[in-house]
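Hello,

Please find the structure below. My notes on the chain contact and the pocket follow.

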Amino acid sequence: MIEAKKINKSFGEHQVLKDVSVAFKQGKTNLIIGQSGSGKTVLMKCLVGLYGIDSGEILYNGRDFSRMSFRQKKAIRQEIGMLFQGGALFDYMTVEENIMFPLVMFGDMTLQKRKDRVNFCLQRVNLENANKLMPSELSGGMIKRVAIARAISLNPSYLFCDEPNSGLDPQTANLIDNLISEITKEFQITTVINTHDMNSVVEIGDNIAFIYKGELWWEGNKNTILKTENPEINEFVFASELTRKLK
Amino acid sequence: MNFFSELGKYLLLMKEVFTKPDKARVFFRQIFIEFQNLGIDSLGIVIIISVFVGAVVAIQTAYNIDSPLIPLSMVGFTTRQSIILEFSPTMISLVLAGKVGSRIASEIGTMRVTEQIDALEIMGINPANYLIQPKVVAAVIINPVLIIFSMAFALFGGWLACVITGMVTSTDYITGLQGWFDGYTVFYALIKTSVFAFIITSVAGYQGYQTRGGALEVGTASTKAVVHSCILIIIFNLILTQLLLV
């Protein structure tokens, strides 16, 4: 479980996050949603430590990440997997080398065991036999799947996904969503997904946190979000003509 | 003020760069990859430039010696001194600042804007150490080797020019090359080269690492890396010459 308690974050005079307190549960797909510029990416970057916070606490299963030493943070980070918006695969490495990289850096497995683990991860994301391909040879959906495979290679306890289905066609986006959801439940990972894709919200939103102008505005799940009377949520969820008609 | 701010950021980055590598085996493998990327891949251009400049230095020296009181072997001697003391360590380092510096800055800058550096950080790896330290160490070791090749090929270029033009005989040129040789000049050249290698790789690494934005900013970082490295090489050339030769 990851808990954020009264997080504040400013860039110069501009306060991006205001007293945000939210909990992300284990074995669930926890979604952070909100309009562009609402602060959801900043919140995620604060959670993983890419941005320092001005005040508040970030707890990973009760361990205060925000006040840890570099060495302690390093240990926690080996329990974290992250899927970046663009995949962030190392473009000078093959698919196999990309997935094997965290195992080489932190594991003490033999080469054969590492290869077995890579094959298992690739199989899990339905990309068998892609081992020797370079990232430049992959499609958008394949890049995301390899990035998921890399993120789960070290058996993480926490998985962060920054807009995992941006730039993908609806079918592939759905496939990625379902894959993340399955992996979350299978390995009992605490998954945090940053998205503004309504299909993801309705499909896999076990817990949903709506960020509005830097504040936590609403919390719920995929069932309650469609029934809420909160005007800001409705404005966000039913933004298109189609969704308004469906409502 | 901007200068001090940049200097402060550079020194803080260097503090991160020169920490113990996360995995020694990976670090040594990276060094060998960088030997190839920064050193062996630059050998071609180093040889071509050295041969031609060596030839030009020899011809210009021969052209300027018109007194019958100065022996023609002085062409070999002057060419050797010019090549070892200045041309090979400084000029070739300036060329490498362009070739290697821009490569490092654009490589690391692209990794920054495509979130690959963030990915390393999330994994618990020190990205500055992992990306920059092997490049600095490799360049400090391999650049002096390149400079020794440069010296050899430049002196060969000078000999070739003398023989082809007939301005100086092969015997005179070689006699000049061998005369009044002081091994310290080579030591001085290699020390300079190592310092310049450190400047090129660390400044380019810093510029790449600080990149924010997109393709345009990667280009700007690459240009800044070359310009700043060249200026620092020229300044440190003067400082090292004063310290080591005077």
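Predicted model: local features only at pLDDT ≥ 70, side-chain atom pairs only at ≥ 80, totals over all residues.

Glu115(B), Ile122(B) and Met123(B) supply 33% of the area that chain B buries against chain A, more than any other three residues. The contact (heavy atoms within 4.5 Å) takes 26 residues from chain A and 17 residues from chain B.

The count of salt bridges between the chains is 1 (a side-chain nitrogen of Lys or Arg within 4 Å of a carboxyl oxygen of Asp or Glu). Asp22(B) forms a salt bridge with Lys74(A), with the closest N and O atoms 2.3 Å apart.

**Largest pocket**

The largest pocket has a volume of about 730 Å³. A pocket here is an open set of points on a 1 Å grid over the protein atoms alone, where a 1.4 Å probe fits, with protein on both sides within 12 Å along at least five of seven lines; lining residues have an atom within 4 Å of a point. Of the 27 lining residues, Leu50(A), Arg112(B), Glu121(B), Tyr209(B) and Arg212(B) are the closest to the centre.

**Conventions**

Residues are numbered from 1 along each chain as its sequence is written, and chains are lettered from A and ligands numbered from 1 in the order in which they are written. Local features need pLDDT of at least 70 and side-chain atom pairs pLDDT 80 or more, while totals for chains, interfaces and linings use all residues; side-chain values use heavy atoms, leaving out hydrogens and water.

Regards

Terms used:
Points joined across faces, edges and corners; volume = space filled by probe spheres on them. Buried area = accessible area lost by both parts, 1.4 Å probe.
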